[in-house]
Every structure is written in structure tokens, then in C-alpha cells.
Amino acid sequence: VNLPAQAYASSNLALSTTLPSSPGFHGSKACPNPPGTLNRHAMTEIVPVISATGLYTPPDSISNEELVESFNAYVARFNADHAAEIAAGTVNELQPSSAEFIEKASGIKARHVISKAPILDPAIMAPRWAERPNEEISVLAEIGVAAARDALARAGRDAADIDAVLCAASNMQRPYPAMAIEIQAALGIEGFAFDMNVACSSATFGIQTAADYVRAGHARSVLVVSPEICSGHLNWRDRDSHFIFGDVATAVLVEAVEMAPPRHWEIVGTRLKTVFSNNIRNNFGFLNRATPETAGAADKLFVQEGRKVFKEVVPMVAAMIAEEADRLGLQGALRRLWLHQANQGMNRLIAQRVLGHEANDDESPTVLDTYGNTSSAGSIIAFHLHSEDLAPGDTGVICSFGAGYSAGTVFVRKVA
């Protein structure tokens with residue numbers, strides 16, 4: 001493909017964007033406009049908050065021991081089937097894995113999945129289910145709806161209260177119609193909905209987008225739903241990555257403070273950042289059919305350069321949190337860090353740089369051990385499960401980071 005020189009330069013441009021939140025406004029009522037319209041007389045004095053979160057966890061879980069048993073059976077079968085090629089040096093012998101290796105490398109002990117048995121079958125090692133007719137709700141939308149209903153129930157809301165739905169996730173089931181619109185329809189919500197994909201940072205980018213809609217008067221109540229079926233894009237036959245991901249769905253309800261329940265979280269500030277990198281990549285897409293000879297290549301699933309990611313992302317994220325905390329006057333005041341759940345070593349080092357000391361489990365809780373990496377949902381799960389115990393006035397930060405590179409921070413303060 002021949003691109004004009006200007007287009008080529010743009011397509012390879014490293015992008016770093018910082019979008020600090022509005023300074024915060026107080027005192028006015030939420031805009032009564034129809035969703036998706038703009039009231040230029042009510043563009044200020046609306047404070048966005050997090051009213052509630054929701055979680056859907058698949059019932060089935062795969063332990064490291066179960067995963068290793070399946071993987072090693074596959075390795076033994078592969079090596080036996082390719083013994084001659086291995087002896088001739090034309091095929092590399094596969095190496096077995098161990099539960100100890102997985103936990104030491106990542107901190108992961110188990111992960112929830114929607115389709116357990118096929119993943120553990122050495123002859124399949126991928127999720128499997130019957131394709132649903134268009135008239136039936138899709139799998140991704142179904143788990144998103146479950147998480148959304150949990151959030152709505154916790155906030156005491158029904159469909160009539162919601163103005164918009166954002167499906168913010170790293171792996172959409174299809175290009176169109178938008179998953180968000182299907183979730184919107186299943187919940188019976190009027191207004192508008194759309195999808196957004198910023199990989200592992202999708203949920204935090206979604207929260208800032210929702211907060212900006214509330215501030216601008218476009219909506220009073222916005223659902224940010226993050227259904228992540230990561231088992232579908234994971235190469236379960238790759239020793240270096242087969243243990244990383246799990247399936248889950250989360251939801252965050254962002255609303256104008258005037259309509260929020262008494263117990264909520266003020267959004268004190270947000271910051272987003274993107275820097276282009278190939279170190280985490282998935283080349284699956286509809287244009288794969290243009291080069292059918294590479295359709296089954298390894299890069300059509302999740303691939304990464306893990307050491308490079310660690311080295312480059314840790315300082316970027318730690319500096320981003322520290323700088324924004326300082327701008328907001330929260331340096332030294334963060335009670336808890338709800339970090340992206342990808343690797344315990346990364347989180348330990350980021351927390352240490354932000355807090356100035358080794359963080360304990362109370363300061364930087366983890367769900368990585370039982371959920372694995374759930375992409376954009378990870379930091380939201382941590383917040384959902386480890387925030388009720390904080391006292392009014394306590395502050396913390398929800399932070400996600402991953403492919404792109406992308407990183408998002410949402411600084412919050414507990415109210416009542």
C-alpha cells in the first residue's frame with residue numbers, strides 16, 4: 001500500500017495526550033436535556049461522581065495446576081508427533097510449564113473463564129460454544145448486562161434513569177452493530193450508546209468520557225460497561241502467555257452528584273495518556289482475509305514483549321500518577337491504589353514509586369491472584385471489591401495501563 005508522505009508520517013506518529021479533568025464545579029442541578037443534546041446554559045457547575053459499580057464473574061475457574069496439566073499434555077503430544085523434525089533440528093522442542101513458574105512470573109494462581117472444558121482439552125485449547133442467532137443476545141453483551149444490572153441495583157436505579165451506555169473494552173465480539181447499543185437495548189435504556197477500545201485502559205478512558213458528558217450536560221447518568229472475554233484472544237498453547245488472562249465483566253455508573261445516592265465517590269480528577277508501541281499487539285481483524293496465508297499466525301492472537309513492557313510502562317505510569325496527584329494536591333494523601341491487574345511485580349514497583357515505600361495489601365489490593373489479567377476490568381474489580389471499608393474523605397486512584405501504550409487515572413474521594 002502506498003501512502004502519501006504526510007499520511008505515512010501521521011500513521012507512525014507516537015501520541016502522548018494528557019487530558020486533565022475540569023477543576024470541579026458545585027451547586028447546580030443536573031441538566032434536564034434529552035441525552036445527546038447540548039444545553040449551552042448548563043455547561044458548568046455539574047459535578048460527576050461514581051454512584052456504583054457492578055461485577056459479573058463466570059462460575060468456572062481454572063487453577064494453575066489444571067492449566068499446567070493440560071498444557072504439559074499438549075507439549076508431550078506435540079513433541080511426540082514431531083520427534084523426527086525435532087531430532088533433525090527443523091522444529092523446536094516445546095518445554096513444559098509449572099504452577100510455580102506461573103505464580104512467580106505473574107502472581108496469578110487462577111482465572112475465571114466462560115468455557116472451561118474446551119480450554120483444558122489438549123486437542124482444542126480454546127473456548128467453544130454454539131454460535132447464537134442474531135435474534136439472541138450475544139455472549140459479550142450478556143455478561144455486560146449482568147454487570148450493569150449489578151451496578152444499577154446497588155445505586156437503586158432503573159433503565160429510565162440512564163441516559164447513555166459506553167461499552168469500554170479491549171475485545172469486541174464484532175465490529176457492528178455496537179456492543180453498547182445491544183447492551184442498551186437489553187437493559188431497556190433510551191438515549192445513546194457507543195463502543196470504545198483503548199485496550200486495557202478502556203474502562204478508565206470510559207469513566208473520563210462519561211464524566212465529561214455529565215459535566216457538559218449531555219447526560220446525567222452514564223453506564224460504562226467493560227465485558228472482557230479475554231480467553232478468546234489468548235494463545236493457550238504459548239508457554240510464555242497461556243496463563244495470563246481470564247474472563248469477567250464490570251460496570252461503573254457515573255452520574256451528576258445531584259442525583260447520586262448518599263454514598264458515592266467524587267471524581268476529583270482524571271488523566272489519560274497514550275504512546276504508540278508494538279510491544280503489546282493483536283493483529284486480528286477483518287483485513288486478515290486479504291492475506292489468507294497468514295490468517296492463523298501467532299500475531300493474530302495476543303502477543304507481547306513482556307520485558308520491554310515492564311521496563312517502559314512502569315516509569316510512565318508511576319510518573320503519571322505522581323504528577324497528577326501533585327496537581328490535585330493529593331501527594332501523600334492517597335489512601336489506596338486500585339491498579340491494573342496484569343503483573344504483581346509491576347504493581348509493586350509502581351506503588352512503591354508513588355507512595356515512597358513498599359505498599360501493603362491494604363494500600364494496593366490485588367485480585368490478580370484469583371482473576372488473572374482481565375484487561376480493562378482489572379482495576380475496576382479491585383475497586384469494586386476493596387473500597388467499601390474506606391472512610392468518608394478518603395482518597396484513592398483507579399489506574400489502568402496496557403496496549404497502545406495507554407494509561408488512565410481516575411482520582412476519587414469517598415462521600416458518606
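This is a predicted model: local features need pLDDT of at least 70, side-chain atom pairs count only at pLDDT 80 or more; totals for chains, interfaces and linings use all residues.

Student: How is a pair of aromatic rings described?

Tutor: One gives the distance of the centres and the angle of the planes. This structure holds 9 aromatic pairs. In one of them, the ring centres of Trp-265 and Trp-338 are 5.8 Å apart and the planes stand at 90 degrees, so the pair is edge-to-face. This pair links distant parts of the chain, for Trp-265 belongs to strand E8 (residues 264–274) and Trp-338 to strand E11, 73 residues apart.

Student: Are Trp-265 and Trp-338 buried or exposed?

Tutor: Residues under 20% relative accessible area are counted as buried. Trp-265 is buried, with a value of 8%, and Trp-338 is buried at 0%. Trp-338 also forms an edge-to-face pair with Phe-383, with 4.8 Å centre to centre and 90 degrees between the planes. Here too distant parts of the chain are linked, since Phe-383 lies in helix H12 (residues 378–385), 45 residues from Trp-338. Phe-383 is buried, with a relative accessible area of 2%.

Student: Which other residues form an aromatic cluster, and which ring has a charged end over it?

Tutor: Phe-71, Tyr-74 and Phe-78 form one aromatic cluster. The charged end of Arg-239 sits over the ring of Phe-101, 4.3 Å from the ring centre.

Student: Which residues does Leu-330 touch, not counting residues up to four places away in sequence?

Tutor: With that exclusion, the contacts of Leu-330 are Val-268, Ala-325, Thr-395, Phe-411 and Arg-413. Leu-330 is found in the loop between helix H9 (306–327) and strand E11 (334–339), and is buried because its relative accessible area of 4% is under 20%. The C-alpha atoms of Leu-330 and Phe-411 are separated by 9.1 Å, although the two residues are 81 residues apart along the chain.

Student: Where is Val-354 placed, and how far is its C-alpha atom from that of Ala-322?

Tutor: Val-354 is in helix H10 (residues 344–355). Its C-alpha atom is separated by 5.7 Å from that of Ala-322, which is 32 residues away along the chain. Val-354 is buried, at 9% relative accessible area.

Student: How does one see where empty space is left?

Tutor: A probe the size of a water molecule is rolled over the atoms. In this model, the second largest pocket contains about 340 Å³ of space. It is lined by 22 residues, and those closest to its centre are Tyr-74, Asn-235, Trp-236, Arg-237 and Leu-301. The lining divides into 14 nonpolar, 5 polar and 3 charged residues.

Conventions. Residues are numbered from 1 along each chain as its sequence is written. Side-chain values use heavy atoms; hydrogens and water are left out. On a 1 Å grid over the protein atoms alone, a cavity is a set of points where a 1.4 Å probe fits but cannot get out, and a pocket is an open set with protein on both sides within 12 Å along at least five of seven lines; lining residues have an atom within 4 Å of a point. Grid points are joined across faces, edges and corners, and a volume is the space filled by probe spheres set on the points. Ala, Val, Leu, Ile, Met, Phe, Trp, Tyr, Cys and Pro count as nonpolar, Asp, Glu, Lys and Arg as charged, and the others, Gly among them, as polar. Helices (H or I, at least four residues) and strands (E, at least two) are DSSP runs, numbered from the N terminus. Buried means under 20% relative accessible area, exposed over 50%, partly exposed in between (1.4 Å probe, protein chains only). Contact means heavy atoms within 4.5 Å. Rings of Phe, Tyr and Trp (its six-membered ring) pair if their centres lie within 6.5 Å; planes under 30 degrees apart count as stacked, over 60 as edge-to-face and the rest as tilted. A charge sits over a ring if NZ of Lys or CZ of Arg is within 6 Å of the ring centre and within 35 degrees of the ring normal.
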